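Please look over the sequence and the structure below, and keep both at hand while reading this short report.

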Number of protein chains: 4
Amino acid sequence: MLKKIKRPVSKLEAFRKRVYVIIYGIDTRAGKAFDIGLLIAILLSVFTIMLETVEGVNQVFHQELTILEWVFTILFTLEFALRIFVSDKPFKYIFSFYGLIDFLSILPMFLSVFIIGSQVLTSLRILRLLRLFRVLRLMEFMEESSKLKLALLASRAKIMVFLYTVLIISVLIGTLMYYVEGPDNGFTSIPRSVFYTIVTLTTVGYGDMVPSTAIGQFLSMVLMVTGYGIIAVPTGIVGAEMVKGAARGREKGRRQVQNNDLHLLNGLVCPHCGKDDHREDADYCYHCGYQLHDENAGADPDKK
Amino acid sequence: MLKKIKRPVSKLEAFRKRVYVIIYGIDTRAGKAFDIGLLIAILLSVFTIMLETVEGVNQVFHQELTILEWVFTILFTLEFALRIFVSDKPFKYIFSFYGLIDFLSILPMFLSVFIIGSQVLTSLRILRLLRLFRVLRLMEFMEESSKLKLALLASRAKIMVFLYTVLIISVLIGTLMYYVEGPDNGFTSIPRSVFYTIVTLTTVGYGDMVPSTAIGQFLSMVLMVTGYGIIAVPTGIVGAEMVKGAARGREKGRRQVQNNDLHLLNGLVCPHCGKDDHREDADYCYHCGYQLHDENAGADPDKK
Amino acid sequence: MLKKIKRPVSKLEAFRKRVYVIIYGIDTRAGKAFDIGLLIAILLSVFTIMLETVEGVNQVFHQELTILEWVFTILFTLEFALRIFVSDKPFKYIFSFYGLIDFLSILPMFLSVFIIGSQVLTSLRILRLLRLFRVLRLMEFMEESSKLKLALLASRAKIMVFLYTVLIISVLIGTLMYYVEGPDNGFTSIPRSVFYTIVTLTTVGYGDMVPSTAIGQFLSMVLMVTGYGIIAVPTGIVGAEMVKGAARGREKGRRQVQNNDLHLLNGLVCPHCGKDDHREDADYCYHCGYQLHDENAGADPDKK
Amino acid sequence: MLKKIKRPVSKLEAFRKRVYVIIYGIDTRAGKAFDIGLLIAILLSVFTIMLETVEGVNQVFHQELTILEWVFTILFTLEFALRIFVSDKPFKYIFSFYGLIDFLSILPMFLSVFIIGSQVLTSLRILRLLRLFRVLRLMEFMEESSKLKLALLASRAKIMVFLYTVLIISVLIGTLMYYVEGPDNGFTSIPRSVFYTIVTLTTVGYGDMVPSTAIGQFLSMVLMVTGYGIIAVPTGIVGAEMVKGAARGREKGRRQVQNNDLHLLNGLVCPHCGKDDHREDADYCYHCGYQLHDENAGADPDKK
């Protein structure tokens, strides 16, 4: 390998560069094709793992599935090797989050050759699904995704307070339910009662545990109506955050300024009368008619 | 048929025109009556099909239901024939979405005469329910419907990202649940576990599968609370979109001008360069700097 | 009775007036006390009816409950008689919505004396719960209640379109589920399948019917995620409507004008510079400092 | 104890002061450490109580759990004593809400020495979870928490009206379901039917009671769709309230001034009459007509 690198440096380097762009890039057509191919391979591989656990399918197609597993393992191993080979700092990749996932997803199959029973670990490959988040880059969804993330982050503290309250209430009422219903009615322990409380409060309602006493039923009704009502809280939080986010986004688009001087040059504040809040594409101040932009100015970073 | 068309062209043409307006139009009283009649016929026909599958009812009223089926089939066949006859481009109708549905909904009954067992296909007539979306045109709901569609379309990308994330999480946690609970507790395969995960995350909670192990119960509680909490995300998305949509609508409503002259007088359109969409309190055109309002003008009805 | 009315007209009339104010009014202390007493009587009477159906309770306290029933019946009969006696147009009351409810709630008990078995009808008294909506007048909730009603009315058309779509989808997918799962898996008829579909789509999830086939489970998962996602739609509709309602409310409070001249007098538009959009309680124009209200002016209908 | 206080007053006082700051304060490092320690102790103690009710665990680790209980009891007793000792008005603490909880959480364990069976009361210690709300002070969540509280308080009346309506509907339809389904189908009494109605309306759906008759199923479908639809109401209420709250917050944040002089310079508070809350672009005080801005003033940092 060292030899290879030494001799046709320029050629090999060029190849590495090219492969690098394909594997890590998303702007070229080849890069996109690679990502889509990877996406499909991951989905198929996950599908294979899932089918293997379905008894009927596994009995009939055991051999085919095993072959498929090996095919995917080899494919992913190749990809893994390429990523290391191509990367300038291979160790940084290997010990990165996705590097570890990639490694964990090929390891079990090789182990299964030596250690019987380790095949169970092949399900680790399902972790590769996380890579799908990566592939999002491909799509138009990226911006939306980050908007969602922002809204969730902004309302994180509020949601934490909400969950904190919900959990404390669940434990308190769960304990109460334990003493009200008792082990004879299926509420065998406080943890199980808390499980019931959460099942009820979140309106999941499995129905495996159901209150039998009048007080327990009354408490449960209160719980249900509470759960039904307070779902409004996280919803309201995120909704308000997204409305704000949209408003902020509009405002930002209007007045995003990195540099104060630039700010004035951009005409966001009328240099003549000091008014701001102009339309994004305004050329003249709406208040005094002053020409905001020098018509000869280059690309306006604020214009969209 | 050719003969018919050739001889009394004008009369037949007039008839066709009249029927065309009735069948395809919605503005005349006859057209509305036709649509409402069709609506009722479809609902009754669907009701008949549903009743036929109820054993008790079918045993007692088998003959009546069969007669009804034939009545509806003949009615719909007549309608189908009329639509073709009346249409200027019959093939365009036949191969349109609704044309195919109309055809599929009458075909099975005729087939059942020749082929025994094909009567099962009569349920295809239920597809006619889709026509009900068509009948929406009749109602005041049309505008609301398109507003809803707009809000959903605008938030499509965000909702896709949300569902994408939900599905990946479901598969990952479903796999985990499979290994935590195992086939002995009803989690017989990964697909079934994923089914359970989705049943729990969406707060449906059938209760046909319930975790038995402590870890499984803990995981499920996390799932429930997550599902209960992140419902806020799509809700917030659509809500924000509708608030935005309403704001847009209001703004438009405010600026929408029935009369162009009035419009110009209002200064909403710059009389110099023709741009509109000025700030409400703009005195000068943002585009050309033209003074929009005569400072001495009286009350500006658009200023708020 | 005629005699009574003829002789001491003035006294009786005065009594009638006084009772009228108590029964129909809500502004006097006696009127409020009457309404609260009625509220409690209705709740206790409903509670009695509910307890009667609980077997254990009924066996032990049968006699007590029967006595209570008669007490409530007599009370409500007295109230009914008083309402008729006091009203100027008794027939208008008798044939009004609440009049019929009041009548239906006392009738069955009297019938039960003559006709055995008619006691079952006593549950009709539960309809009296509807009177509770009336008692709302008492409370501060009234305004909030009408705001809610407005928001719901405003979004009625949108919610109808939503439910319409949900129902059509439910019938279509319910039919599909019937053919996919079949009677052997509990999907015994299309109506039952539609029941299952709605149970799933609304995230209720009883679990009495659960798909057994792979396709059925897949379809159900799609249903659940759909149901989980489109709950956002009505929520977004009402939420947007309430945000709008709040905005409208604010705007109205700011500028509610019955009369244009009054408008100017109110100082909502500065008579000096023509600016409006002042604070509600502004005494001076924010723009030119002109004194808006004549300090000696009487009650300002716009001030809140 | 009296002796102690009398002799080394200054020293003891100093100690008391120091401990007071640690126990009741949150600003010092020691105070924070104490609160976090308490938080952990409470959680562990609650966890112990929960484990004790799990039969398998209790059988194996009975002794260890009892020891742990005593450890926590002694710890909390010490804390309780310290709080009393350190407080200037010990009785005010003892009879405060948290004082009673602290007392109730240590009492049962001591009682259990004398009275057999009173150990059941140890679960009262779970009430200490309520203290966790106190510890919130520690965290950044405090402000968010109060924002949430404000939004909920503001929409309290609307939510009450909503729940009121939901409950009346539940009782009415529950009664109807009782007569439609009857005791043979599990609807043994009206209270149980109301329980079913609420289980359905809130989309919990245990599935322990399921309608068997066609009418009952139809009614249930209506209930489900209603419950699915009207969840939008509380959600819309709280959401609208939070959007309003955010708007108010933004406005305040914009006007909030750390420095009073700056405040006056900004003209946010009228220097003449002291009123604030002017329009953003106000030039004159709305209350006294005083000219707020010196027209020659430079860029106004609060103007946007």
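## A helix in chain D

How far does helix α3 of chain D reach from its first C-alpha to its last? In this model, which is a predicted one, helix α3 (residues 29-52) of chain D has 24 residues and reaches 35 Å between those two atoms, which is close to the 34 Å expected at 1.5 Å a residue.

Several residues of α3(D) are buried, among them Gly31(D), Asp35(D), Leu38(D) and Leu39(D), and the list goes on to include Ile42(D), Val46(D), Ile49(D), Met50(D) and Glu52(D).

## A residue in chain B

Ile49(B) has its place in helix α3 of chain B, a helix that covers residues 29-52. Why does Ile49(B) count as buried? Its relative accessibility is 2%, and buried means under 20%, so Ile49(B) falls in that class.

In sequence, Ile49(B) and Ser189(B) are 140 residues apart, while in space the separation is 36 Å, taken from C-alpha to C-alpha.

## Where chain C meets chain A

The size of an interface is often given as the accessible area lost when the parts come together. For chain C and chain A this buried area is about 160 Å², with 26% of it on carbon and sulfur atoms. By class, the side of chain C that touches chain A has one nonpolar residue, three polar residues and no charged ones.

Four residues from chain C and four residues from chain A take part in the contact. Between chain C and chain A there are zero salt bridges, and the rule finds zero residue pairs in polar contact across their interface, where both residues must be at pLDDT 80 or more.

Terms used:
Residues are numbered from 1 along each chain as its sequence is written. Chains are lettered from A and ligands numbered from 1 in the order in which they are written. This is a predicted model: local features need pLDDT of at least 70, side-chain atom pairs count only at pLDDT 80 or more; totals for chains, interfaces and linings use all residues. Side-chain values use heavy atoms; hydrogens and water are left out. Helices (H or I, at least four residues) and strands (E, at least two) are DSSP runs, numbered from the N terminus. The expected span of a helix is 1.5 Å times one less than its number of residues. Buried means under 20% relative accessible area, exposed over 50%, partly exposed in between (1.4 Å probe, protein chains only). Contact means heavy atoms within 4.5 Å. Buried area is the accessible area (1.4 Å probe) that two parts lose on being put together, summed over both. A salt bridge is a side-chain nitrogen of Lys or Arg within 4 Å of a carboxyl oxygen of Asp or Glu. A polar contact is a pair of N or O atoms within 3.5 Å; within protein, one must be able to donate a hydrogen and the other to accept it, and residues adjacent in sequence count only if both atoms are side-chain atoms. Ala, Val, Leu, Ile, Met, Phe, Trp, Tyr, Cys and Pro count as nonpolar, Asp, Glu, Lys and Arg as charged, and the others, Gly among them, as polar.
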